[in-house]
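Dear colleague,

I am handing over the structure we spoke about, together with an account of what was found in it. Please look through the sequence and the model first, and then read the notes below.

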Amino acid sequence: MNMAMSGNTDSSAQSDEPAAPAEPREQIDSRVREICRHFNIEEKIMEKLNKAMKTREDFDEDMQVLWHIMEKGAKNNKKAVDVMLVKIREITNGTFIGKDLLDPDIKDFAWKYNLDDQLLHRLIRTMKKRGKHKKQDLKDMDERIGSAKHPSGLLVRMLEGLEENGKMPPAPGWLVQGGHG
């Protein structure tokens, strides 16, 4: 019995000592807790997300985007913890796309073509510069990408053209499927 009690005393002493004066536990935002519970993210990572999100000016919008990204990751059979860790790193590094992805035109386009993070960042950056032309540019890109063998390659080429001279270059024949019947 003494051995059992001393074992319990040891473990309770270990958990009591560091928790008291050394590190007061930070309050986890309920929105952070909710997303982490939903995607079965462990507490340690939840704490990292909470700390990272406290640095954000657009907390609510960023949380909406994070939900979208996590759901997309789940749909694409990606491990939730991996997706979350990448997003925490982006938030910490200041590269998280955040509220820009809430633009319905950009979001619909990105989801339709299942753009990877790098291409999505580039699309957002380019479309921000395009201002009033954004909607038409997305429509034009959508029409051209729909028949492409390599949609990502064609999108990169179109974005390069928009960035360099404000115009989409003609699609090279090898990127387009059956353009001339």
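Predicted model: local features only at pLDDT ≥ 70, side-chain atom pairs only at ≥ 80, totals over all residues.

Residues are numbered from 1 along each chain as its sequence is written, and side-chain values use heavy atoms, with hydrogens and water left out.

Overall fold

The protein has nine helices and zero strands, where helices (H or I, at least four residues) and strands (E, at least two) are DSSP runs numbered from the N terminus. Along the sequence this gives the pattern α-α-α-α-α-α-α-α-α. Of the 181 residues, 34% are buried, a word that here means under 20% relative accessible area, with exposed meaning over 50% and partly exposed in between (1.4 Å probe, protein chains only). Among the contacts with a separation of 6 or more, 63% are between residues 24 or more positions apart, contact meaning heavy atoms within 4.5 Å.

The largest pocket

The largest pocket has a volume of about 280 Å³. On a 1 Å grid over the protein atoms alone, a pocket is an open set of points where a 1.4 Å probe fits, with protein on both sides within 12 Å along at least five of seven lines, and lining residues have an atom within 4 Å of a point. Grid points are joined across faces, edges and corners, and the volume is the space filled by probe spheres set on the points. The lining of the largest pocket consists of 17 residues, of which Ile69, Lys72, Lys78, Lys87 and Asp117 are the closest to its centre. Helix H4 (59-75), helix H5 (80-93) and helix H7 (117-130) are the elements that give two or more residues to this lining, and H5 gives the most, with four residues. By type, the lining divides into eight nonpolar, three polar and six charged residues; Ala, Val, Leu, Ile, Met, Phe, Trp, Tyr, Cys and Pro count as nonpolar, Asp, Glu, Lys and Arg as charged, and the others, Gly among them, as polar.

Aromatic rings

The structure holds two aromatic pairs. Rings of Phe, Tyr and Trp (its six-membered ring) pair if their centres lie within 6.5 Å, and planes under 30 degrees apart count as stacked, over 60 as edge-to-face and the rest as tilted. The rings of Phe39 and Trp67 are tilted, because their planes stand at 55° with the centres 5.6 Å apart. This pair links distant parts of the chain, with Phe39 in the loop between helix H2 (30-38) and helix H3 (43-53) and Trp67 in helix H4, 28 residues apart. Phe39 has a relative accessibility of 11% and therefore counts as buried. Phe109 and Tyr113 form a tilted pair, at 5.1 Å centre to centre and 55° between the planes. Phe109 is buried, with a relative accessible area of 4%, and Tyr113 is buried at 19%.

The charged end of Lys72 sits over the ring of Trp111, 5.0 Å from its centre; a charge is taken to sit over a ring if NZ of Lys or CZ of Arg is within 6 Å of the ring centre and within 35 degrees of the ring normal.

Single residues

Most residues other than glycine have a negative phi. Asn77, in the loop between H4 and H5, has a positive phi near 60°, and with 70% relative accessibility Asn77 counts as exposed. Asn114, in the loop between helix H6 (104-112) and H7, has a positive phi near 50° and is partly exposed, with a relative accessible area of 42%. Leaving aside neighbours within four places in sequence, Asn114 is in contact with Lys72 and Asn76, and the C-alpha atoms of Asn114 and Lys72, 42 residues apart along the chain, are separated by 8.7 Å.

In helix H5, Val83 is buried, with a relative accessible area of 10%, and touches Ile69, Met70, Gly73 and Lys78, not counting residues up to four places away in sequence. Thr92, found in helix H5, counts as exposed at 58% relative accessibility.

With kind regards
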